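Me: I would like to go through this model slowly, asking for each label what value stands behind it and how that value compares with the cut-off.

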Amino acid sequence: MPCALARLGGTAVVENKANVEDVAVAVETTKTCDGWDVDHLCCGHLGRIDVLLTAGQKLSRPELSQLARERAAWVVIRARRLGAYRLFANLPPRVFCPGLFQGVAGIGYELLRLANPEALPSVLLWE
C-alpha cells in the first residue's frame, strides 16, 4: 500500500511512462488483493480502501472511488455481524485498539473520508 500511495502522490510531479505503469499495476493489485484478514488503516482492508479512493481522486476514475465505498460497506457489515472490527489477525475480534493506524480511530477516519473525500486527506499520504 505505501508504494501505491507514494506513486499516486507523485503523479503530479513525476509524469512519465514508468510511473504511470507502476500506478496502474498498484491499482490493479490493490483491487485483487485480499491481504490480511484485518480491517485497520495501516495494512488492512481500510488501507486498501484508501488506496482505491485516492486513486479514484488522483486519476479521475470514479469507479475506483465507488469500489472503495462498496468494500467499506462490506467491512462495516462484517463488523456488525462479528460484533467488532477485526484489528489483529491472530486474536479474536473483541480485542480492542483505539489507535489511528491499527485501531478503530483509523477505521472511523477512513469511513468519514469516504463520506467527504475532498474535505479529509489521506493520513497515509499527507500531501
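**Burial, fold and confidence**

Reply: In this predicted model, buried residues make up 41% of the 127 residues in the protein chain.

Me: What makes the protein chain as compact as a globular protein of that length?

Reply: The protein chain has 5 helices and 0 strands, and along the sequence the pattern reads α-α-α-α-α. Its radius of gyration is 14 Å, close to the 14 Å that the globule rule gives for 127 residues, so the chain is as compact as a globular protein of that length. Along the principal axes, the C-alpha trace spans about 45 × 30 × 25 Å.

Me: How confident is the predictor, and which elements have the lowest and the highest mean pLDDT?

Reply: The average pLDDT of the protein chain is 91, and 97% of the residues score at least 70. Among the elements, helix H1 (residues 2-9) has the lowest mean, 82, while H5 has the highest, 98.

**Salt bridges**

Me: Why is the pair of Arg 78 and Asp 37 called a salt bridge?

Reply: The closest N and O atoms of Arg 78 and Asp 37 are 2.6 Å apart, and the definition asks for a side-chain nitrogen of Lys or Arg within 4 Å of a carboxyl oxygen of Asp or Glu, so the pair qualifies. Asp 37, Asp 39, Arg 78 and Arg 86 are linked in a network of salt bridges, and a search of the whole structure finds 9 salt bridges.

Me: How do you know whether Arg 78 is buried or exposed, and what does Asp 37 count as?

Reply: Arg 78 has a relative accessible area of 7%, and the cut-off for buried is under 20%, so Arg 78 is buried. Asp 37, at 38% relative accessibility, counts as partly exposed, because this value lies between 20% and 50%.

Me: What makes Glu 110 and Arg 113 a salt bridge, and where do they lie?

Reply: Their side chains meet at 3.8 Å, N to O, which is within 4 Å, so this pair also meets the definition. Glu 110 and Arg 113 both lie in helix H5 (residues 104-115), 3 residues apart, about one turn of the helix, and both are buried.

Me: Which residues have the most contacts inside the largest nonpolar core?

Reply: They are Leu 8, Leu 46, Ile 49, Ala 68 and Leu 114, in a core of 25 residues. H1, H2, H3, H4 and H5 each supply at least two residues of this core, and the largest share, 6 residues, comes from H3. Leaving aside its neighbours within four places in sequence, Ile 49 is in contact with residues including Ala 68, Val 75 and Leu 114.

Notes
Residues numbered from 1 in each chain as written. Predicted model: local features only at pLDDT ≥ 70, side-chain atom pairs only at ≥ 80, totals over all residues. Heavy atoms only, no water. Buried < 20%, exposed > 50% of the residue type's maximum accessible area, 1.4 Å probe, protein only. Helix = DSSP H or I, 4+ residues; strand = E, 2+ residues; numbered from the N terminus. pLDDT = per-residue confidence, 0-100. Core = buried A, V, L, I, M, F, W, Y, C linked by side-chain atoms within 4.5 Å. Contact = heavy atoms within 4.5 Å. Rg over C-alpha atoms; globule rule 2.2 N^0.38 Å.
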